[in-house]
Amino acid sequence: MDILPTQAVWWELFLLFTAVGIIVAGSVTAFFIYNLIKYRAKGRVDESPAEAEKGKFRIMVESSISGKSKYLLFVTGIIVFILIVATIDETLYLEFTPPADEAVVIMVIGFQFGWQFEYSVGGETIKTINYVVLPTDTLIEFKVTSRDVFHAFGIPEFKNKIDAIPGILNSMWITTPEEPGIVYNAYCYELCGAGHSLMVGKVIIVDKEEFFEAYNAGPEVFGEYVNSVISQYRQGGALG
Ligand SMILES: [Cu+2]
């Protein structure tokens, strides 16, 4: 897969902001210390009050928007511009799901209080409640909605989440890891009632080949496969 995982997109942005922050903080601190040393009090102050006034005036002029300040404003402008462009670029990447023909599409329907997942296999719909089985190393597109109130669906490890709203079909994507056997929690991120905190879905990652073998064998085989993976997990068994 040539798709940058959603968590890596945020990590890139985080590193950019951190790097710029360190450079700016470093140069401001260095300049501050340089000035502290250069203009430190040296011995007796022998300026007359009039000369001291003149000095104050000069500082005021230099710190207004002219000369050095114009340059600083320009540099600040460029930094802010870079951060804005990078943020828009990265969020648009997350916003627009990569081509759906490469993805496994899962319907996610929030309800009070749980998640219904739906696979479309050979023209039939396979439903699961609170558990979803996903293949390794695959682009997954979640089509998210709700059947009652506002919810929001997200998996913290993938740093991506989306509103689940009745009558609206939102889209969110992730790329699954290469190793099978990992189980993630999917949470509700919109206070939706007394059982909000109980809306924890389990996202079970299984071997890609095994998954698609069952998937391609038709709805009946796939339904059985998904249920067996889920019951195996619930009984605390090792995942295939
Ligand atoms: Cu909810």
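Helices here are DSSP runs of H or I with at least four residues, strands are runs of E with at least two, and both are numbered from the N terminus. Hi everyone, and thanks for coming. What you see above is a predicted model, where local features need pLDDT of at least 70, side-chain atom pairs count only at pLDDT 80 or more, and totals for chains, interfaces and linings use all residues. Residues are numbered from 1 along each chain as its sequence is written.

Let's start with the overall picture. The protein chain has five helices and ten strands. Of its 240 residues, 19% are buried, meaning that 20 or more other C-beta atoms lie within 10 Å of the residue's own; exposed means 12 or fewer, partly exposed is in between, and C-beta atoms are placed from the backbone. As for contacts (C-beta atoms, placed from the backbone, within 7 Å), 69% of those with a separation of 6 or more join residues 24 or more positions apart.

In general, most residues other than glycine have a negative phi, and most peptide bonds are trans. Asn130, in the loop between strand S3 (124-129) and strand S4 (131-135), has a positive phi near 65°. Asn130 is partly exposed because it has 16 C-beta neighbours inside 10 Å. Asp137 sits in the loop between S4 and strand S5 (139-146), and its phi is also positive, about 45°. With 14 C-beta neighbours inside 10 Å, Asp137 is partly exposed too. Then there is the cis peptide bond from Gln112 to Phe113, with omega near 5°; Phe113 belongs to the loop between strand S1 (104-111) and strand S2 (114-121).

Next, one from the interior. Phe153, in strand S6 (residues 151-155), is buried because 26 other C-beta atoms lie within 10 Å. Leaving aside residues up to four places away in sequence, Phe153 touches several residues, including Val108, Phe142, Ile162 and Met172.

Finally, helix H5. Which residues of H5 are buried? They are Phe222, Tyr225, Val226 and Val229. After H5 comes Gly236, with a positive phi near 80°.

Definitions and conventions:
Two residues are in contact if their C-beta atoms, placed from the backbone, lie within 7 Å.
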